[in-house]
Amino acid sequence: MRSHTEALDRTVRTLLLCSPLWLVPAAQAVDAPAPSASQVERVVAAVRADPLLGGTRTERKLHWKNDDAPDEAAPRKGGEPSWLLDLARWLSESARALMWLLGATAVALLAVFLRRWILARADAVDGRAIVLPSHVRNLDIRPESLPDDIAGAARALWQRGEARACLSLLYRGALSRLVHEHAVPIHGSSTEGECVQLAAGVLPAQGSAFFARLVQEWLSAVYAAREPQAEAVLALCDQFDASLPRRVTERAA
């Protein structure tokens with residue numbers, strides 16, 4: 001906004017003082033004196049009163065507004081207090097963080113479930129893929145290769161003086177019972193000591209102790225070439241079925 005009144009006054013005063021000939025006829029221009037201050041004031045007042053020459057003029061100009069600058073004078077929309085807006089913003093951010101946490105927990109639980117499922121499937125596949133050995137270090141342990149009454153047949157061999165054959169039958173029968181009826185993980189290449197350790201992890205104390213005594217008598221007779229004691233061998237025959245009981249239905253005769 002700008003006023004032109006003062007500028008107009010100065011212009012009129014200058015014209016009147018410098019050019020007095022404008023105010024008098026041409027015939028009197030030579031002898032006309034300069035206008036007095038009062039005359040100038042009257043002319044200025046007349047010019048100022050003229051609506052076509054005086055008055056105030058208002059100008060409006062457009063300029064770009066900076067949208068990034070905050071408008072401090074503008075009130076908040078809706079008139080909400082600042083603490084309420086801050087609370088709403090905090091709740092929104094907290095809800096977002098909670099959703100991320102729940103998502104991460106769900107992914108972790110799914111990973112644990114998949115791992116357990118894969119392990120269970122692998123165990124099931126391994127269980128189906130297990131092939132029971134038919135021989136353990138060239139000893140035939142197939143159930144069909146053994147007599148139904150292993151202890152009675154071993155006792156008969158001992159009574160005929162066949163001590164090594166007696167112990168061999170008891171050891172083969174024991175291995176067959178452990179593999180086929182007690183699910184002891186004995187392999188075809190397992191040694192006598194490994195068989196004792198594997199049996200101890202499955203059998204109760206009585207069965208584990210019996211099998212350890214049987215293996216000891218077998219090793220003494222085969223590798224040390226020592227004659228076994230009759231009482232020890234007959235005790236093994238008597239305790240065989242009680243220490244290594246069958247877990248399946250007796251085979252038909």
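A nonpolar core is a set of buried Ala, Val, Leu, Ile, Met, Phe, Trp, Tyr and Cys residues joined through side-chain atoms within 4.5 Å. Buried means under 20% relative accessible area, exposed means over 50%, and partly exposed lies in between, using a 1.4 Å probe and protein chains only.

Some ground rules. This is a predicted model, where local features need pLDDT of at least 70 and side-chain atom pairs count only at pLDDT 80 or more, while totals for chains, interfaces and linings use all residues. Residues are numbered from 1 along each chain as its sequence is written, and side-chain values use heavy atoms, with hydrogens and water left out.

Now the core. The largest nonpolar core holds 35 residues. Leu 170 and Phe 211 have the most contacts inside it. Which elements give two or more residues? They are α4 (150–159), α5 (163–181), α6 (192–200), α7 (205–222) and α8 (230–243). Helices here are DSSP runs of H or I with at least four residues, strands are runs of E with at least two, and both are numbered from the N terminus. Helix α5 gives the most, ten residues.

Take Phe 211. Leaving out residues up to four places away in sequence, Phe 211 touches Tyr 171, Ala 174, Leu 175, Leu 178, Cys 195, Val 196 and Ala 199. Contact means heavy atoms within 4.5 Å.

Next, a loop. Arg 137 sits between β1 (135–136) and β2 (139–140). Its phi is near 50°, positive in a residue other than glycine. Arg 137 counts as partly exposed because its relative accessibility is 43%.

Asn 138 is in the loop between β1 and β2. Phi of Asn 138 is near 60°, also a positive value in a non-glycine residue. Buried or exposed? Asn 138 is exposed, at 70% relative accessible area.
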